[in-house]
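Biologist: Could you take me through one part of this model up close? I'd like to follow the contacts step by step.

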Amino acid sequence: MPNAPAPHTSPPGKGFALWMWRLRPVFATGVAVALPGAGAAALAWYAGEVTGWLEAQQVPLAAACVVFAGALVCGVALVPTHAVSLLAGWTLGGVGGSAVAVAAVSLGAACAYPLGRALAGTALMRAAQASPRWRGVHHVLTSERPGRTAGLVALLRLSPLAPFAGTNVALAAVGVPFRWFLAGSVVGLAPRVCVVAFAGAGMAQLDLSRTADRGWLIAGLIATVAALLLVGRIARHALRSYTPDPGAPTG
C-alpha cells in the first residue's frame, strides 16, 4: 500500500515570502550538495586521529562507531559517502569495511529522508499536483509499480552524477514513498560503496579525496542515461493512460 501523501501546507501570500517558499526545495538541495565537501576537508584534517583511535578499538566497537557515526554525518550531509567508505575499508579491510560502509550509508539515507522532506517543504508536491501532466507523472512514479520506482531510485544512486545528500532531499521532496526510496537506495548505493571501501583497504596511505576508478564512472554514466530514459518512459505512459482525479485541482 503506497504511503499517504504528505499534507500540503498552504503557501504564504505574495511577494518575497512566496518566492522563497517556492525555491525552498532548490535551496535545500543545493546546501545538501555543497556541504559534504567542507565536511570531507575537515575529516581529512583529522584523519590520522580518527583512524588511530579506530584501530586501537576492538573490531566490533570500531565497526559500530563507523556505522552510527557514518550514518549521522552522511544523513545530515556533513560528509560524502565516499569518505565514510574509504575510512571503513582502511580500518576494517575490504570485506568487513564494505559491509560496514553499506550499513552506514543505508542508515544515513533512512535518516536523511525525513530531514530532507522537512527542509524541502511541499512546494514541489504542490507544483506537481497543480499541473495535470506532472500530476500524472507523479502518480505513475509513486503509486503504481513499486519495483519500477525502486529501480529508478537504484539507477540514480548508482550514478556518480547524483550526489548522495542532494538526491536524498530531491527524492523526499517529490514524495517518493520511503520504503521504495530505501530499497532503491540500498541496491543502488551498495556497488559503488563496496568499490570505494575496497579501494580504501588497498591504500598505503588513507586519501579521503579518492573516489571510484574510471571504469566505475563509466558504469555510473550508463546508469544515468538509463535513469533518464526510464523517466521519459514513465512520463509518456502517464500522458497516455493517467486519468486525473475529478476532485483534484487542475491548475
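Predicted model: local features only at pLDDT ≥ 70, side-chain atom pairs only at ≥ 80, totals over all residues.

In which helix is the place of S85? And please carry on from there to the helices around that spot.

Modeller: S85 sits in helix α4, which covers residues 81-92. Its relative accessibility is 1%, and buried means under 20%, so S85 counts as buried. Setting aside neighbours within four places in sequence, S85 is in contact with A101, V193, V196 and A197.

Helix α5 (residues 94-120) packs against helix α10 (residues 178-201) at an angle of about 145°, and their axes are 8 Å apart. The crossing is right-handed. By class, this contact has 18 nonpolar residues, five polar ones and no charged ones.

Now for the rings. Y113 is buried at 6% relative accessibility, whereas F178 is partly exposed at 29%. Y113 also pairs with F181, this time tilted, with 4.9 Å centre to centre and 50° between the planes. F181 is in α10 too, 68 residues from Y113, and it is buried at 0% relative accessibility. Ring pairs link Y113, F178 and F181 into a cluster.

Key:
Residues numbered from 1 in each chain as written. Heavy atoms only, no water. Helix = DSSP H or I, 4+ residues; strand = E, 2+ residues; numbered from the N terminus. Buried < 20%, exposed > 50% of the residue type's maximum accessible area, 1.4 Å probe, protein only. Contact = heavy atoms within 4.5 Å. Axes fitted to C-alpha atoms, helices over the stretch in contact; angles between N-to-C directions. Left-handed = near helix turned anticlockwise from the far one by under 90°. Nonpolar A, V, L, I, M, F, W, Y, C, P; charged D, E, K, R; others polar. Phe/Tyr/Trp six-rings, centres within 6.5 Å; stacked < 30°, edge-to-face > 60°.
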